[in-house]
Amino acid sequence: MVVAVNPATPVGEAIARNTLSAIFGMRLCAWEDGTPIRVFVLPDNHAVHGMFCKQILGVFPHQYRAAWDRLVYSGTGQAPLEVASEEEMHARLAGTRGEARVVVGSEEEMRARVAGTSGAIGYLSRKMIDESVTFLPVQ
Amino acid sequence: MRASLSCRFSRSARAPQYLPWWPALVLWPGLCHPALAFEVFEGFQVHGFLSQGYFLTTNNNLFGSSERGGSLDFTEIGINASWAPRPNLQLAVQFLSRRAGEAAEGEPEFDFGLLDYTAVATEDRRIGVRFGRVRFPFGLYNDTRDVAFTRPSILLPQSIYNERTRELAISGDGIMLYGEERSTWGNLALELGPVLARVDNENSELALLFGDFPGDLENRWSFIGRLMYSTPREALRLAVTGVRLETDYNPRLAFPDDLGPGKDLFEPVIFSAQYNAESWSLTGEYARRPIKHEGFLVLGFDFDIVGES
């Protein structure tokens with residue numbers, strides 16, 4: 001399990017656990033140079049999402065979902081971008097609903113979105129490592 | 001698009017206190033609450049929710065005629081949009097349509113609309129201010145009480161989140177300061193501010209004066225604050241909420257055809273605790289509610305009492 005950021009993101013060699021916690025809790029919204037942070041997550045029931053929440057952040061997925069819902073439905077913050085939801089919507093708009101089922105919640109999609117979005121951060125299992133994204137160790 | 005589907009079944013639920021209540025069977029398939037969420041363009045998100053309830057009771061009615069074949073007279077529909085043009089600035093607005101027996105008939109209501117400015121944001125600290133119509137930080141669930149999938153139960157416990165006082169407690173106009181500090185010993189979050197509650201409606205008059213009188217209620221600047229502590233991984237969350245809600249009654253007719261020009265002072269304090277495990281959470285809340293009425297001139301209307309639940 002590794003943290004992945006867009007290659008142009010101005011971060012150091014590693015990322016602190018409490019920084020990650022603030023980013024995925026949607027409380028820290030900009031990198032040090034002011035670039036907006038774009039947070040990508042897999043669906044709540046995705047195994048990789050569960051491992052990321054529990055092993056890296058030490059929080060259960062339902063706690064994050066509750067925190068994001070509180071932000072969104074009280075107007076005090078925004079939700080992270082769910083890879084599945086966006087892809088499914090785009091595919092549906094394009095009339096390719098069948099294909100959407102193939103890519104829903106995939107790590108390939110997560111990697112592609114992080115690689116193609118300025119200021120993006122997400123997470124991937126180790127086998128997904130390639131040069132399109134920068135992987136950050138967690139301190 | 002995020003869509004979730006869940007159906008709930010409950011054998012019992014507590015009725016609002018103003019309804020006659022005997023042992024009843026309440027069926028609420030919680031008719032599924034598909035939530036909708038998408039980003040229209042960068043920084044602009046739209047979210048929505050929908051829930052439809054079905055109540056079947058014996059010996060009392062809850063949200064419509066629930067005794068005879070059940071009642072579908074409980075619907076919650078909401079849509080909200082938020083736009084963050086800069087990382088430290090956000091605009092958010094939510095509209096709600098709610099049907100709940102005779103208390104609400106589905107007319108759209110302006111739920112919240114606010115500008116949020118974060119002055120300080122680091123990984124350990126956040127300080128900012130919200131202006132506009134804000135949701136009141138009250139207990140653990142008031143912030144999102146109309147969103148079915150954020151509630152732990154079909155209806156929230158009426159002892160704390162009473163349907164009768166919903167419009168007083170839900171949101172109001174004002175300024176809310178917030179600060180958050182995170183550390184190895186845990187997280188502290190404070191929200192505090194002056195607000196004007198929504199009292200210009202029949203439900204609030206029923207809640208504060210127990211009847212619909214010729215005159216009108218007028219809100220005065222009131223205060224609400226919530227301090228929350230959570231352990232570093234938020235397994236334990238503890239909160240205390242304090243409110244000072246002041247309301248004036250402006251009679252329309254001369255006494256004794258109307259009440260006198262009274263004042264209502266409501267100062268509830270709520271203590272909340274929650275423990276989160278992987279597949280369950282345990283939550284407890286306790287409220288102490290001093291209510292003081294003076295100047296109404298009618299026997300039984302001027303009182304100074306303390307309620308607990």
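Tutor: Let's start with B:Asp111, which is found in strand E5 of chain B, residues 104-121. Keep in mind that this is a predicted model.

Student: Why is B:Asp111 called buried?

Tutor: Buried means under 20% relative accessible area. B:Asp111 has 0% relative accessibility, so B:Asp111 counts as buried.

Student: And which residues is B:Asp111 in contact with, leaving aside neighbours within four places in sequence?

Tutor: Among them are B:Gln94, B:Phe95, B:Leu96, B:Arg133 and B:Arg135. B:Ile170, B:Ser171 and B:Arg198 are in contact with B:Asp111 too.

Student: What makes B:Arg135 and B:Asp111 a salt bridge?

Tutor: The cut-off is a side-chain nitrogen of Lys or Arg within 4 Å of a carboxyl oxygen of Asp or Glu. Here the N to O distance is 2.5 Å, so the pair counts as a salt bridge. The pair links distant parts of the chain: B:Arg135 sits in strand E6 (residues 125-135) and B:Asp111 in strand E5, 24 residues apart.

Student: Is B:Arg135 buried or exposed, and how do you know?

Tutor: B:Arg135 has 7% relative accessibility, and the limit for buried is under 20%, so B:Arg135 counts as buried.

Student: Which residues are linked in a network of salt bridges?

Tutor: The network links B:Arg98, B:Glu109, B:Asp111, B:Arg135, B:Asp146, B:Glu163, B:Arg166 and B:Arg198. One pair is B:Arg166 with B:Asp146, where the closest N and O atoms are 2.8 Å apart. Both B:Arg166 and B:Asp146 are buried.

Student: How many salt bridges are there over all chains?

Tutor: A search of the whole structure finds 29. Another one is between the side chains of B:Glu278 and A:Lys54, at 2.6 Å, N to O.

Student: What do B:Glu278 and A:Lys54 join, and how do you know?

Tutor: B:Glu278 lies in the loop between strands E13 and E14 of chain B, while A:Lys54 lies in helix H2 of chain A, so the pair joins two chains.

Student: Why is B:Glu278 called partly exposed?

Tutor: Buried is under 20% and exposed is over 50%, with partly exposed in between. At 43%, B:Glu278 counts as partly exposed. A:Lys54, at 38%, is partly exposed as well.

Student: What makes up the nonpolar surface patch?

Tutor: B:Val40, B:Phe41, B:Trp83, B:Leu91, B:Leu115, B:Phe131, B:Ile175 and B:Leu177 make a patch of about 680 Å². Strands E1 (36-41) and E7 (171-183) of chain B each supply at least two of its residues.

Student: Why is B:Val40 called partly exposed?

Tutor: B:Val40, in strand E1 of chain B, has 47% relative accessibility, which is between 20% and 50%, so B:Val40 counts as partly exposed.

Note on methods. Residues are numbered from 1 along each chain as its sequence is written. Chains are lettered from A and ligands numbered from 1 in the order in which they are written. This is a predicted model: local features need pLDDT of at least 70, side-chain atom pairs count only at pLDDT 80 or more; totals for chains, interfaces and linings use all residues. Side-chain values use heavy atoms; hydrogens and water are left out. Helices (H or I, at least four residues) and strands (E, at least two) are DSSP runs, numbered from the N terminus. Buried means under 20% relative accessible area, exposed over 50%, partly exposed in between (1.4 Å probe, protein chains only). Contact means heavy atoms within 4.5 Å. Patches are made of residues with over 30% relative accessible area and no salt bridge: like charges are joined within 9 Å, nonpolar side chains (Val, Leu, Ile, Met, Phe, Trp, Tyr) within 5 Å. Accessible areas come from the Shrake-Rupley method with a 1.4 Å probe; for residues, only the protein chains shown count as cover.
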